Structures are given as C-alpha cells and as structure tokens.
Amino acid sequence: MSSQSPIPWFDDFVGVAYRYFDLRMNVVPLITDRKQSSSIWHDSIHWWVDPSIKIRFVEMENNYWFIMGSDSQKPDTNLAFFKILPKSEHYERFKKGHGGEAYLRLGVYTEKSLNDAKKRDLCNCGHEAQDHDEGDDDVCLFNDCSCKVFSSFQVNLLKRKKTITDIKFLKEKDVKDDPLAWNCFNVNKYSKTEQN
C-alpha cells in the first residue's frame with residue numbers, strides 16, 4: 001500500500017476479472033485470500049456510496065491502469081485500488097459492452113495443481129487434467145504440447161455487489177483532468193520517477 005495520499009492505494013491483488021452474464025457486466029478485483037477479500041469488503045467497500053464509485057481505465061500501449069475509488073461513509077477505513085494489467089480480450093469486451101454501468105464484486109483467485117483438479121478441469125495449456133501424467137511431473141501427454149506441469153485456477157465470486165455508473169476510459173494525457181486518476185498517477189508513478 002502507498003501512503004503518500006490521504007486515501008491509501010491498494011495494489012495487493014492478482015488482477016481483474018470481467019463477467020458478462022448478469023443484468024450488468026461485472027468488474028471483479030481478484031484477491032488470493034478469502035479472509036482478506038471479505039475483510040476488504042466489510043471494512044471499506046461496504047461503506048462506499050454507490051453513485052460515488054469511480055473506475056478509470058488509463059490505457060497505455062499494451063497495458064492499462066485499473067483505478068477504482070469512492071467516497072466513503074467511513075473515511076478512516078477507505079481504500080483506493082490500482083493495478084497495471086495487460087490488455088486482454090476480456091478487457092476489450094468489457095470496454096465495448098459495459099453500457100456505462102457495471103456491478104462491482106470481489107473474487108477469490110486460487111491456483112490449482114493436478115492434485116486439486118478434477119479430471120475434466122482444463123490446464124492453462126488447454127488440455128484436461130486427465131491428459132497429464134501424474135507419475136511424470138504432471139507433464140501433458142499430447143505430443144504436440146510443450147506443457148511440463150498442470151496449472152489451472154479457480155475464481156469464486158463473493159455474493160455482495162455494488163453498482164458503478166461512473167466508468168471512464170482515458171489516455172495518460174487526460175489523467176490531469178480526472179482527480180482520481182491524477183491522484184493515482186501522482187502517487188504511484190510520477191512521484192516515484194522524481195525520486196529515482
């Protein structure tokens with residue numbers, strides 16, 4: 001967490017998932033620890049006032065900054081979120097289809113090894129768990145696959161959600177005109193380059 005700002009910036013999460021199959025699209029910051037995820041919701045996000053929640057996507061060449069913050073009814077426990085992430089087809093789909101609003105939920109991201117997987121679970125290589133050899137370091141049995149170890153993940157969404165209606169996509173040159181994005185860049189990028 002960064003503390004050069006009145007509101008601390010939280011970046012200790014794995015990434016952001018986008019879900020499309022609700023009334024509104026979902027934006028889901030992914031945290032690896034269920035207890036931490038619940039406590040962040042309970043201590044901070046629960047107190048956010050829905051109309052004041054802001055999400056900014058600041059696009060770079062291949063990456064984007066995910067920036068999220070809100071006014072809080074409990075300012076002493078407030079957090080703002082940021083993470084630099086690679087652009088993906090899921091991000092592009094959200095950008096095209098969000099329609100100006102989304103649900104905010106938190107998710108728990110868990111990595112799975114072959115021992116944790118069911119036979120039909122897919123590895124990151126695209127083949128099922130049953131296609132990996134348990135006796136040979138979990139190597140994929142397909143001849144044309146270079147996968148040496150089964151690796152997969154699972155995302156569980158927390159039930160609680162908030163509605164976001166203030167979503168903007170910016171370029172870095174526009175950051176100075178947006179207070180949330182400017183604060184984030186000032187604390188987490190510009191002040192760090194001045195120190196080096």
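**Strands, rings and a loop**

Strand β5 (residues 63-69) pairs with β6 in the antiparallel sense over six bridges. Strands are DSSP runs of E with at least two residues, numbered from the N terminus, and two strands pair if DSSP finds at least two bridges between them. The structure is a predicted model, in which local features need pLDDT of at least 70 and side-chain atom pairs count only at pLDDT 80 or more, while totals for chains, interfaces and linings use all residues. Residues are numbered from 1 along each chain as its sequence is written, and side-chain values use heavy atoms, with hydrogens and water left out.

Within this pairing, Trp 65 has Ile 84 in β6 as its bridge partner. Strand β6 also pairs with β1, in the parallel sense and over two bridges. Here the bridge partner of Trp 9 is Ala 80 in β6. In a regular strand, the side chains alternate between the two faces of the sheet.

The aromatic rings come next. The structure holds 19 aromatic pairs; rings of Phe, Tyr and Trp (its six-membered ring) pair if their centres lie within 6.5 Å, and planes under 30 degrees apart count as stacked, over 60 as edge-to-face and the rest as tilted. One of these pairs is formed by Trp 9 and Phe 82, which are edge-to-face at 6.2 Å centre to centre, with 80° between the planes. Because Trp 9 lies in strand β1 (residues 9-10) and Phe 82 in strand β6 (residues 80-86), the pair ties together parts that are 73 residues apart in sequence. Trp 9 is buried, with a relative accessible area of 2%, and Phe 82 is buried at 8%. The term buried means under 20% relative accessible area, computed with a 1.4 Å probe on protein chains only.

Phe 13 and Phe 81 form an edge-to-face pair, because their ring centres are 5.8 Å apart and their planes stand at 65°. Phe 13 lies in the loop between β1 and β2 (15-19) and Phe 81 in strand β6, so this pair joins parts 68 residues apart in sequence. Both Phe 13 and Phe 81 are buried. They belong to a cluster linked by ring pairs, whose members include Tyr 18, Trp 48 and Phe 169.

Elsewhere, the charged end of Arg 93 sits over the ring of Tyr 20, 3.6 Å from its centre. For such an arrangement, NZ of Lys or CZ of Arg must be within 6 Å of the ring centre and within 35 degrees of the ring normal.

Finally, Asp 131 is placed in the loop between β8 (107-112) and β9 (152-157).

Conventions:
Helices (H or I, at least four residues) and strands (E, at least two) are DSSP runs, numbered from the N terminus. Buried means under 20% relative accessible area, exposed over 50%, partly exposed in between (1.4 Å probe, protein chains only).
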